[in-house]
Amino acid sequence: MSFAFVTMTPSHISISLVNLPPEFSSTTKYFAVLKETLELTIDVVDPEGMPVTVAIVDGSPSKAVVRDNALIWNATNDATTQFFLKATDACQATSYLNITVSLVVCQCQNNGSCVPHPNKPRGSGFYECQCVPGYTGDKCETNIDECQSYPCARGNDTSIYQTKG
């Protein structure tokens, strides 16, 4: 939506249209686990419906990039990291947003890996564990006894036989 300003004089009428800047979503706090490749879609819209381009501004981590309005960054061991973003519409109206990504501790045990929860937005702080073979559970806390399912594995029959004598 553009706003029009009308200026009138006895001999002249002037109408000026004002281009409104893009609007970012209100989310400014995100979360990541150490070494995660965080891919955050930056929600930004232009009130007039024009295309919007998002860029990283000086002061942000040098290894972060924005591609197709998504911030891509490998989480470091800093407790919090600041990003400074600029959105520009097709008529060069701009707006700015500062976001913070805080490091969260992976709760997975026994060498399990934290992966973003498939039903939650990236950066929301919700993760699930991918367990290494031999472990299961929400946090990979349960050791699976592989021999219990296959008692005769590797030629070792663990069944007890009773003989009649």
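**Ground rules.** I number residues from 1 along each chain as its sequence is written. In this predicted model local features need pLDDT of at least 70, side-chain atom pairs count only at pLDDT 80 or more, and totals for chains, interfaces and linings use all residues, while side-chain values use heavy atoms, with hydrogens and water left out.

**Cavities.** I looked for cavities (on a 1 Å grid over the protein atoms alone, sets of points where a 1.4 Å probe fits but cannot get out). I found two cavities of 30 Å³ or more. Volume here is the space filled by probe spheres set on the points, which are joined across faces, edges and corners.

**Largest cavity.** I noted a volume of about 50 Å³. Its lining residues (those with an atom within 4 Å of a point) include Phe 31, Glu 36, His 117 and Tyr 127. By class I listed five nonpolar, four polar and three charged residues. Ala, Val, Leu, Ile, Met, Phe, Trp, Tyr, Cys and Pro count as nonpolar, Asp, Glu, Lys and Arg as charged, and the others, Gly among them, as polar.

**Second largest cavity.** I noted about 40 Å³. Among its lining residues are Phe 24, Asp 43 and Ile 99. The classes are five nonpolar, three polar and one charged.

**Gly 112.** I placed Gly 112 in the loop between strands E11 (94-104) and E12 (113-116); strands are DSSP runs (E, at least two residues), numbered from the N terminus. Gly 112 counts as buried because its relative accessibility is 15%, and buried means under 20% relative accessible area (1.4 Å probe, protein chains only). Beyond its neighbours within four places in sequence, Gly 112 is in contact (heavy atoms within 4.5 Å) with Gln 130, Cys 131 and Cys 140. I also looked up Pro 133, 21 residues from Gly 112 along the chain; their C-alpha atoms are 9.4 Å apart.

Technical notes: On a 1 Å grid over the protein atoms alone, a cavity is a set of points where a 1.4 Å probe fits but cannot get out, and a pocket is an open set with protein on both sides within 12 Å along at least five of seven lines; lining residues have an atom within 4 Å of a point. Helices (H or I, at least four residues) and strands (E, at least two) are DSSP runs, numbered from the N terminus. Buried means under 20% relative accessible area, exposed over 50%, partly exposed in between (1.4 Å probe, protein chains only).
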